[in-house]
Amino acid sequence: MPQVLPSILAADFAHLADELARCRAAGARAVHIDVMDAHFVPNLTIGPPVLAALRRCTDLHLDVHLMMSDPLRYAEDFREAGADALTIHVEAVGPRRIAAAIARLRDLGVAVGLAFNPDTDPRLWLRWLAEADLAMFMTVYPGFGGQSFIPEVREHIRIVRQALPRLPIQVDGGINRHTIPLVVADGADRLVCGSAFFQDADPAGFLAWAEGVAR
Ligand code: DX5
Ligand code: ZN
């Protein structure tokens, strides 16, 4: 059964505590938090102090997506602020630093996610994915909410699902009522939803529908 993670990038930043409560009331068990450094992506969002404030007002699993050129420099700060999972981009750490990066995140005691941009071939990274807790496929180029799903990424999901049948696969970007049945059929089981969740008149209904979509 897929799981929906509302992405708070689409929430009302003036009322984040209320928005987290709204996620919980809708049935979410985890929320997705987008950290952007204005370098790896052309946008700037939240840092450890805001994450710590969120941690103080919720017991939801905090799934933190580090869209940063140097994620390891800040990983401990995000862990201390309350992250349960830290997902780093393989493009940011590169093949020479990936082993050390995974080891560092393990030391911090967080769930380890590896994220892939739409044009990154996951076949080159299967050996490292086997050591991770999560593969996350960007189904848009990261940086902004509300973009359109890139269908070419579906093939990447299928490749990893076949190679690593038990690895949780998360998708992020343009995930909505139209694209959820496609990515679930490909093997995705965690669905990051920004606009589709927060702009729905009935987020609880949306979440229940999405989590009921069968593979
Ligand atoms: C984009 C972020 C996403 C974003 C998704 O770079 O990583 O998590 O919130 O937003 P939607 O669901 O609106 O495409
Ligand atoms: Zn994200």
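Trainee: Which element gives the most to the shell around ligand 1?
Mentor: Keep in mind that this is a predicted model. With three residues, the top contributor is β2.

Trainee: What classes of residue make up that shell?
Mentor: The shell around ligand 1 counts 20 residues. Two of them are charged and eight are nonpolar. The polar class has ten.

Trainee: Which residue has a side-chain N or O atom 2.3 Å from an oxygen atom of ligand 1?
Mentor: Start with the residues that come nearest: S7, D34, G143, D172 and S195. D34 puts a polar side-chain atom 2.7 Å from a ligand oxygen. G143 also has an atom at 2.7 Å from a ligand oxygen, but that one is a backbone N or O. The side chain at 2.3 Å belongs to S195.

Trainee: How much of ligand 1 does the protein bury?
Mentor: Ligand 1 takes up the space of the largest pocket. On its own, ligand 1 exposes 380 Å². Of that area, the protein buries 98%.

Trainee: Where is A38 found?
Mentor: A38 has a positive phi, near 60°, and is not a glycine. Its place is the loop between β2 and α2 (48-56).

Trainee: Is A38 buried, partly exposed or exposed?
Mentor: Buried would need under 20% relative accessible area, and exposed over 50%. A38 has 45%, so this residue is partly exposed.

Conventions:
Residues are numbered from 1 along each chain as its sequence is written. Chains are lettered from A and ligands numbered from 1 in the order in which they are written. This is a predicted model: local features need pLDDT of at least 70, side-chain atom pairs count only at pLDDT 80 or more; totals for chains, interfaces and linings use all residues. Side-chain values use heavy atoms; hydrogens and water are left out. A residue is near a molecule or strand if one of its heavy atoms lies within 4 Å of it. A polar contact is a pair of N or O atoms within 3.5 Å; within protein, one must be able to donate a hydrogen and the other to accept it, and residues adjacent in sequence count only if both atoms are side-chain atoms. Accessible areas come from the Shrake-Rupley method with a 1.4 Å probe; for residues, only the protein chains shown count as cover. On a 1 Å grid over the protein atoms alone, a cavity is a set of points where a 1.4 Å probe fits but cannot get out, and a pocket is an open set with protein on both sides within 12 Å along at least five of seven lines; lining residues have an atom within 4 Å of a point. A molecule sits in a cavity or pocket if more than half of its atoms lie within 2 Å of its grid points. Helices (H or I, at least four residues) and strands (E, at least two) are DSSP runs, numbered from the N terminus. Ala, Val, Leu, Ile, Met, Phe, Trp, Tyr, Cys and Pro count as nonpolar, Asp, Glu, Lys and Arg as charged, and the others, Gly among them, as polar. Buried means under 20% relative accessible area, exposed over 50%, partly exposed in between (1.4 Å probe, protein chains only).
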